[in-house]
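I opened my notebook to go through this structure piece by piece. Below is what I looked up, in the order I looked it up.

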Amino acid sequence: MGTVEPQVAADAQAAVTDGFQLVIDALKLNGIDTIYGLPGIPITDLTRRAQAEGLRVLSFRHEQSAGYAASIAGYLTQKPGICLTVSAPGFLNGLNALAHATTNCFPMILVSGSSEREIVDLQQGDYEEMDQLAIARPLAKAAYRVLHAEDIGVGIARAIRAAVSGRPGGVYLDLPAKLFAQGIDAAAGRSSLIKVVDPAPRQIPAPDAVKRALDLLKGAKKPLIILGKGAAYAQADADIRALVEKTGIPYLPMSMAKGLLPDTHAQSASAARSYVLPEADVVMLIGARLNWLLSHGKGKTWGGKSHKDWGGQKFIQVDISPTEADSNVRVDAPVVGDIGSCVSALLAGIGSGWPKPPAEWLNAIAERKAKNIAKMAETLAQNPSPMNFHSALAVVRDIVRANPAAMFVNEGANALDFTRSIVDMFEPRKRIDVGTWGIMGVGMGYCVAAAVVTRQQVIAIEGDSAFGFSGMDVETICRYNLPVCVVILNNNGVYKGTDVNPRGGDVAPTVFVKDARYEKLMQAFGGVGVYATTPAELRKGMEDAIRSRKPTLINAVIDETAGTESGRITSLNPSAKKK
Ligand SMILES: Cc1ncc(C[n+]2csc(CCOP(=O)(O)OP(=O)(O)O)c2C)c(N)n1
Ligand SMILES: [Mg+2]
């Protein structure tokens, strides 16, 4: 009997499953293998059991980093990145990333435990009481709550579909504490799960929309293509490159579309941006929105007389969302569908005999490009002391060129703008940065996800302020021993380190501790810390990091006078000096 009893107990156990198990089973069934999160009531056991079941559970020091990691994992994989948090405060810490994912069209699911509905709804003061679903809803593409274990399969299926289909975005999934411990019959539980079929169905563009776009493009004298991160997300790299090359049209990559074609490509017009935008007559946007990053498609940037005036361009907009067109200016030829299907339809329509754009247009761009590139080369060749953004980034540029497969993370103001224009990218989806909002704090979360998802070396170029938002998660990088090299372009502050408080006393709001030794933070957790005051020291530090694949933080000391207010978007500052 003694030997039979445990068997009976095991059978009885196996006949019942619970909410914890069903969540894990539903994720696994849908090919989700990684959770980015931070444990605590009520999800601690979920993290433990998920790990025991073979999911990779990456535990962070702050939910915000976990959330940013999940969001960028979604961007890189086209599968929803999962961020798992506790209730109220943990949920709120993850919410910024959820909103970021929605804004940037990254598929992500924020899964948060929550407190007892009966108590929360009567506002009786439960542990971490908060109506999380209501708070998440306006920031998410969709928000769901599951109350019964038998609905977990549906809840997770809906969350996955909402995150990745159409225009991707952030989804909130609310799982109350009571749900996890609910037991149900194991067989019934199993059959309640859904393996989502075709979660992001292709959306084929209408043939007449494709023809309209190509007719417009064919008549152009000064055509231009703008590639956005939607184009990078689509993973239609070969077709996008073929479209650009077969048409011979100059193109501009938006920040995260850099590398879709190598930045050194002859057709790249990046170095002549301020010439091509106002001059172009037909602009084809592929997975790029006419938001503030493109000056809303109007104003002086586009050749308009004042900041509200439209230029003379006609726009073709290739986008998954039918409501994107006309959001800022008239779009003459919207092509609605998923980028992959749209680009392949455009390619088919182009055939082989497509005429190259007029030589006059191409030559004018080439001329400007050559001039600007020569000017930049001159600046980069200087070796001032102290080191400035340019002399430091000349090193980073060389290192990235020698390691084109490395993932590249970038945040800051000057540290972002200078890096984006100086450091060329050579492969698609290598550059990940502050995105649509210009958000600070994505750095360490992005580093972790990039390393985990791609298994490549990660290089992060961080402003000292930007780094501070998520700096503690260098411990996470060390704990998982990830091949991440963080370079802090340290100019002692936000934009620069030279502001002065006219009244004396406290330092100015933009200024940090002088000569802060950020590299010691990495050393504290067993990583490598490097203090670099010259380009040669920076180069050696980066080369050693890449050779060893050890977590490394290089504190690159930059001239504290080198930056400008707000980097390249000074004009958006409501300055006290302006009337
Ligand atoms: C979450 C968030 N908070 C604040 C800001 C405002 N902001 C923009 S850039 C920046 C930091 C710039 O300093 P740093 O990262 O050191 O770059 P630098 O210009 O000095 O190179 C800040 C605080 C922001 N973009 N996002
Ligand atoms: Mg700074």
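I began with strand 17 and strand 19, which pair in the parallel sense over 6 bridges. The model I'm looking at is a predicted one. Strand 17 covers residues 484–490, and strand 19 covers residues 552–557. For a landmark on this pairing I picked C485, which stands opposite T552 in strand 19.

Next I looked up strand 18, residues 528–532, and found it paired with strand 19, again in the parallel sense, over 5 bridges. Here V530 has I554 of strand 19 as its bridge partner. I then followed the chain from strand 18 through helix 23 (residues 535–548) to strand 19, and the three make a right-handed β-α-β unit.

How many of the 6 residues of strand 19 are buried? I got 5, so this strand is largely enclosed by the rest of the structure.

A reminder to myself: strands of a sheet pair through backbone hydrogen bonds, either parallel or antiparallel.

**The magnesium ion**

Which residues coordinate the magnesium ion (ligand 2)? I noted D464 through OD, N491 through OD1 and G493 through O, at 2.0 to 2.1 Å. Along the sequence, these donors follow the spacing D-x26-N-x1-G. D464 sits in helix 20 (residues 464–468), while G493 is in the loop between strand 17 and helix 22 (519–523), so I wrote the pair down as a link between distant parts of the chain, 29 residues apart.

**S470**

I stopped at S470, in the loop between helix 20 and helix 21 (474–479). Is S470 buried or exposed? Its relative accessibility is 4%, so it counts as buried. Leaving out residues up to four places away in sequence, I found that S470 touches S65, E411, G441, G443 and M444.

I then looked up an open sheet of 6 strands, ordered 3-2-4-5-7-6, with parallel pairing. Which strands stand at its edges? They are strand 3 and strand 6 (142–145); each has a single partner strand, so one side of each is left without a neighbour in the sheet. Ignoring direction, neighbouring strands of this sheet are turned by 20° against each other on average.

At the strand 6 end, I noted 4 bridges to strand 7 (residues 170–176), in the parallel sense. A142 stands opposite V171 in strand 7.

I looked for helices lying across this sheet as well. Helix 4 lies across strand 2, strand 4 (81–85) and strand 5 (108–114), and runs at about 165° to strand 4. Helix 19 (residues 443–454) lies across strand 2 and strand 3, at about 170° to strand 2.

Another open sheet has 5 strands in the order 10-9-11-12-13, and the pairing is parallel. Strand 10 (251–253) and strand 13 (333–336) stand at the edges with a single partner strand each, so one side of each has no neighbour in the sheet. From one strand to the next, I noted an average twist of 15°.

Strand 12 (residues 314–319) is joined to strand 13 by 4 bridges, and V318 stands opposite V335 in strand 13.

What lies across these strands? I found helix 11 (residues 207–218) across strand 9 (223–227), strand 11 (282–286), strand 12 and strand 13, running at about 140° to strand 13. Helix 13 (residues 237–247) lies across strand 9, strand 10 and strand 11, at about 165° to strand 9.

**Aromatic pairs**

Y36 lies in strand 2 (residues 34–37) and F60 in the loop between strand 3 (56–59) and helix 4 (63–77), so the pair ties together parts 24 residues apart in sequence. Both Y36 and F60 are buried.

I also wrote down Y275 and W361, which are tilted too, with 6.0 Å centre to centre and 35° between the planes. Y275 is in helix 14 (residues 273–279) and W361 in helix 16 (residues 359–381), 86 residues apart. Y275 and W361 are both buried.

Finally, I noted a cluster in which ring pairs link Y75, F106 and Y233.

Key:
Residues numbered from 1 in each chain as written. Chains lettered and ligands numbered in written order. Predicted model: local features only at pLDDT ≥ 70, side-chain atom pairs only at ≥ 80, totals over all residues. Heavy atoms only, no water. Donors = N, O, S within 2.8 Å, 3.2 Å for Na, K, Ca; no water. Helix = DSSP H or I, 4+ residues; strand = E, 2+ residues; numbered from the N terminus. Pairing = 2+ DSSP bridges. Axes fitted to C-alpha atoms, helices over the stretch in contact; angles between N-to-C directions. Contact = heavy atoms within 4.5 Å. Buried < 20%, exposed > 50% of the residue type's maximum accessible area, 1.4 Å probe, protein only. Right-handed = clockwise from strand over helix to strand, strands pointing away. Phe/Tyr/Trp six-rings, centres within 6.5 Å; stacked < 30°, edge-to-face > 60°.
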